[in-house]
Amino acid sequence: MEERAARLHTLSINHHASASQNDSTIEQEQKKTYVIDTNVLIHDPNSLLNFEEHRVVIPMTVLEELDKLKSGKSHTAADCRAAIRQIDKVLGHCTPEQVEAGIPIPRGPDNSTQGTLTVLMSSVEDVKSPLPDHLNDNRIINDVLAMKAQAPDERFILVTKDINMRLKARACGIESEDYHNDQLVTDIKQLTRGYFEVPGSFWDQVTQVETEQDGADTLHYLSHGLLVSEILGEEVYPNQYIIDEQGFVGRVMSIENGVVMLKHYKADSMLEQEAWGLKPMNIQQAIALQLLLDPDVHLVNLTGAAGSGKTILALAAAIEMTVEQKRFNKIIATRSTPPLAEDHGFLPGTEEEKMDPWLGAINDNIEALHLNDENPTGSIQYVKERANIQFKAMNYIRGRSFQKSLILIDESQNLTPHQMKAIITRAGEGSKVVCLGNLAQIDTPYLSPTSSGLTYMTERFKRFVHGGSVQLNGVPRSLLAEYAESFL
């Protein structure tokens, strides 16, 4: 590989051109005081560690809200408990005077300190509160105003994921912002699609390539610099695809020593793939199906509009790999549920029956895969038993470990990065995780397409050689669905 890199180096272009130097013009910023809202601590229980050398203030109202929400088995309750433990870890056995002055925040394995943490009591009575105190949001804003009145020369910033609270704070003259620490992209368009579409012929733009035959596979070796700078215009990662208008499909298998290895496919043959009787309807679905069926890919993210085929592709591949190939012992189907459904005990029946209203899409797609069977009802029951499909409430899989299982997470755009990590780390030896989501349909408060756990995970795992992401295009569900998606 090193010899090949040396041969291709003559045409390689350094894509790491130095950026313009702005350091000399950047002024040293003054230390700031960040006031953290409850929803930030729930979104990321470790958020108080992410404000560097600045002062972090947690109002007493926030601690009261965390105390009210900490009970139960929901994700919110678990995150509240984690946030409380983190605050307690920093404060320790400090005296009230020390807490008021600010406790240094320990960081890293050596527990070196940077920044301070303070718990803020209610605002002093001699400061007039511009907002009525019957709402917790108003009490927090009033507390910040009281601090500003006592220290007018200091800079106070309210950090909250509540847009309306940010508006109210700004109306009262308080600087406010969203929590951006886990937002890896500023625009959802920056998120990888999983493939590159090259106009015309891809090979017409390639100036030098080395090709070798490895059994039935054709492998192409290209200069990484030339591929990125002259042909694609952006960085490439493992398990991304390059497709052109001539029917060529190349899969990025590895990037080593400045050389990209592409595996050669033909679009026609990829469209002939089949999983449990289902064939892809376009090249994006074909790419997704290949990643789903690949035993070397342990994590697959499928995004796209409603009706683009995410669930039915994932389910067909899951049944194929479980029933026919026997690679997995069971299929674990779960999804994020709205706050109303977090306590599943109010529904009658077993855990599967409690989750059935929220995982109806899984049942719908199992039915769709067997519509043409002589006995659809019998086929559906047979598949559920043979594939051992289990519906699990997401709130009750913390601490579990699933071995040789395919974990299917539907509606994953509604998860926070912290929740997404808690679910993916349940995958044991021989398991595969498939995340499905539509970033245009986020139902969870305080989440946006750029702060969603699905976006965070897709960006974090783009360099993972055993992971892949595909953004599905089109709405093959029906002509009506396609028209509605475009014009409604």
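Tutor: Let us begin with a term: contact means heavy atoms within 4.5 Å. Please keep in mind that this is a predicted model. In that sense of contact, T61, V62, E64 and E65 in α3 meet N136, R139, I140 and D143 in α6.

Student: What makes α3 roughly antiparallel to α6?

Tutor: The axes of helix α3 (residues 60-69) and helix α6 (residues 136-150) cross at roughly 155° and come within 9 Å. Angles over 145 degrees count as roughly antiparallel, and therefore α3 is described as roughly antiparallel to α6.

Student: Which classes of residue make up the contact of α3 with α6?

Tutor: That contact has four charged residues, together with two polar and two nonpolar ones.

Student: Why do β15 and β18 stand at the edges of the sheet?

Tutor: The open sheet of six strands has the order β15-β14-β16-β17-β13-β18, with parallel pairing. β15 (389-391) and β18 (467-472) each have a single partner strand, so one side of each is left without a neighbour in the sheet. From one strand to the next, the twist averages 15°.

Student: How do you know that β16 and β17 are paired?

Tutor: Two strands pair if there are at least two bridges between them, and four bridges join strand β16 (residues 405-410) to strand β17 (residues 432-437), which run parallel. In β17, K432 is the bridge partner of L406.

Student: Which strands does helix α10 touch where it packs on the sheet?

Tutor: Helix α10 (residues 283-293) touches β13 (299-304), β17 and β18, and its direction makes about 155° with that of β18.

Methods
Residues are numbered from 1 along each chain as its sequence is written. This is a predicted model: local features need pLDDT of at least 70, side-chain atom pairs count only at pLDDT 80 or more; totals for chains, interfaces and linings use all residues. Side-chain values use heavy atoms; hydrogens and water are left out. Helices (H or I, at least four residues) and strands (E, at least two) are DSSP runs, numbered from the N terminus. Axes are lines fitted to C-alpha atoms, for helices over the stretch in contact, and angles run from 0 to 180 degrees between N-to-C directions. Angles under 35 degrees count as roughly parallel, over 145 as roughly antiparallel, 65 to 115 as roughly perpendicular and the rest as oblique. Ala, Val, Leu, Ile, Met, Phe, Trp, Tyr, Cys and Pro count as nonpolar, Asp, Glu, Lys and Arg as charged, and the others, Gly among them, as polar.
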